[in-house]
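Please read them with the structure open.

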Amino acid sequence: MDVLIGRIARWTREIPDAPAYTFVDYLGDGQEHTLTWRQVDLKARALAVRLREVCAPGDRAAILAPQSLEYVVAMLGAMYARVVAVPLFSPELPGHAERLALAYADADPVVVLTTSAAMSGLPPAKAVIAVDTVSDLLADEWEDEPIGPDDLAYLQYTSGSTRAPAGVEISHGNVSANAAQLWEAFDARPRTSVAALWLPLFHDMGLIAIIACPIVGGNRAVFMDPVAFVMKPTRWMRLLSGHDDVYTGGPNFAFEYTAARATDPADLEGLDLSGVRVMLNGAEPVRPSTISRFASVFGPYGLRPEAHTPGYGLAEATVFVAAGSIHEPPLVTGFDRNALEEGQAVPYGGQGFASTLVSCGRPTGQQVRIDSAGDGQVGEIQVRGPNVARAYWRDPTRTAEVFADGWLRTGDLGVIHEGELYITGRIKDLVIVDGRNHYPQDIEATAQEASDGVRRGHVAAFAVPGAETERLVVVAERSRLERDQESVISAVRAAISRDHEVAAEVVLVAAGAVPRTSSGKIARRACRQAYLEGVLV
């Protein structure tokens, strides 16, 4: 098996001056900065020489750098040197200091890779290398070394939405397989298709879609800083505009957020999204209302309905597992809610309440099954394939629990209905009140639709101990609209009681108070802990 990193040499020979990676520096000079395939190879080889001066193959190199071309070089240079990369982020990233400290201590790196502008605040390290100061002249000293598919490429730390960060061991075989699987699912064309994203490079989807996937076919990746996206989400659409064949992706909240902020006609003027072939929507439950809203806002600018592609994945499978068809609009199916809560996927027949789920399609190059369940039954999703990681770093107990018998236990609940995979929730997030199962995302959807005083996509539902049974708590951020808080709370409480037949305590908090993971997902367990500690505001 040829490992992915070896393809860079091929593109350096065949298309040396073609653009490989382009960073649009919205937070700096506003300009595009590009590395060709020749330059990528040159800088990666030079960094590999510098790395081997301070560490040996198998040592860990933590990347604590801002979103940049240097970050790409750091990842690839570590792979060239057979050093285990640990993609993290700059200490200045707000709100994630504890996660960084835990991941850094767990990885126990020998060297830190950063940039000359991000040297302050770094944790103690045996060696520090500023990637942008490494001389290209060192590249001539590098001699290629054989890299096998079982060699460890990097440690991907999970986002920590349900637990402390854990380092997933991703081999060169894993990343090679998953990049090819994603490339196939995108139906990408060699040297033609373009990746355009804002996702953080330290996150599994950002790393594979921006850095790895383009290497498969000698494609170009154009990316920006996630902070630039948050400040002005229509920049994402501008990044896509004008390309004849472009793919992208993000979590559901990003689509919701972008559609809500696309209010200035000047930001949309001249936008051409007709070349967008795939917009992968994953990392959290895909909401039908988000798909509809996004289509209504950006359809007039050429965005095709079939471009919106729901998907499913997780770090333990490198990232990508399954996606819907890129040639058809998303498949949305209504299931009987009561039956679904009892573990059966029964199409909604018009009586009672419906749970409307979006299909995540079918797997590419791997197998998916529902543990101990037949077709139409809810159970834990399990995955097997060449992209599935082998272990958690230095955690044999958790490894035995999750990676047993060749099947990855995802911790996610789902159902296969008519051959399509539907995600119903996470096992650890399931809310059980009076013996009945409730999926938190259903309750959150009800809450945000109950009143325009609630910020869409900023709601967390979870259970806390009660006198006799667990009780439901819903924490929702207030919208910018002026609304009487008591009336908003009453509306949300009434909607949940009507649609789910369960009483809820509703807590309204300020914008930004509902915690998220580093990848943007609602961190329900962290929100629950903050509620129990009385620190929500």
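1. Strand β20 (residues 408–417) is joined to β21 by 6 bridges, and the two run antiparallel; within this pairing, Val415 has Tyr422 of β21 as its bridge partner. Strands are counted as paired if DSSP finds at least two bridges between them, and the elements themselves are DSSP runs numbered from the N terminus, with helices being H or I of at least four residues and strands E of at least two.

2. As to the basis of these remarks, the model is predicted, so that local features need pLDDT of at least 70 and side-chain atom pairs count only at pLDDT 80 or more, whereas totals for chains, interfaces and linings use all residues. Residues are numbered from 1 along each chain as its sequence is written, and side-chain values use heavy atoms, with hydrogens and water left out.

3. The pair described in point 1 belongs to an open sheet of 4 strands, ordered β18-β19-β20-β21 with antiparallel pairing. Its edge strands, each pairing on one side only, are β18 (367–370) and β21 (420–426). Neighbouring strands of this sheet are turned by 45° against each other on average, direction ignored, where axes are lines fitted to C-alpha atoms, for helices over the stretch in contact, and angles run from 0 to 180 degrees between N-to-C directions.

4. A further open sheet has 3 strands in the order β24-β25-β26, and its pairing is mixed. Here β24 (454–464) and β26 (504–509) form the edges, each pairing on one side only, and neighbouring strands are turned by 20° on average, direction ignored. Strand β25 (residues 471–478) pairs with β26 in the parallel sense over 6 bridges, and Val475 stands opposite Val507 of β26.

5. Helix α14 (residues 440–450) packs on this sheet, touching β24 and β25, and its direction makes about 135° with that of β24; contact means heavy atoms within 4.5 Å. Helix α16 (residues 524–533) lies across β24, β25 and β26 and runs at about 70° to β24.

6. Of the 11 residues of α14, 8 are buried, which is to say under 20% relative accessible area with a 1.4 Å probe and protein chains only. Among them are Ile443, Ala447, Asp442 and Glu444.

7. In helix α11 (residues 288–298), the buried residues are Thr290, Ile291, Phe294, Val297 and Phe298. Seen down the axis of α11, they fall within an arc of 135°, and therefore line one face of the helix; the arc is that of the directions from the helix axis to the C-beta atoms. The elements they pack against include α8 (234–240), α9 (252–261) and β12 (276–282).

Conventions: Buried means under 20% relative accessible area, exposed over 50%, partly exposed in between (1.4 Å probe, protein chains only).
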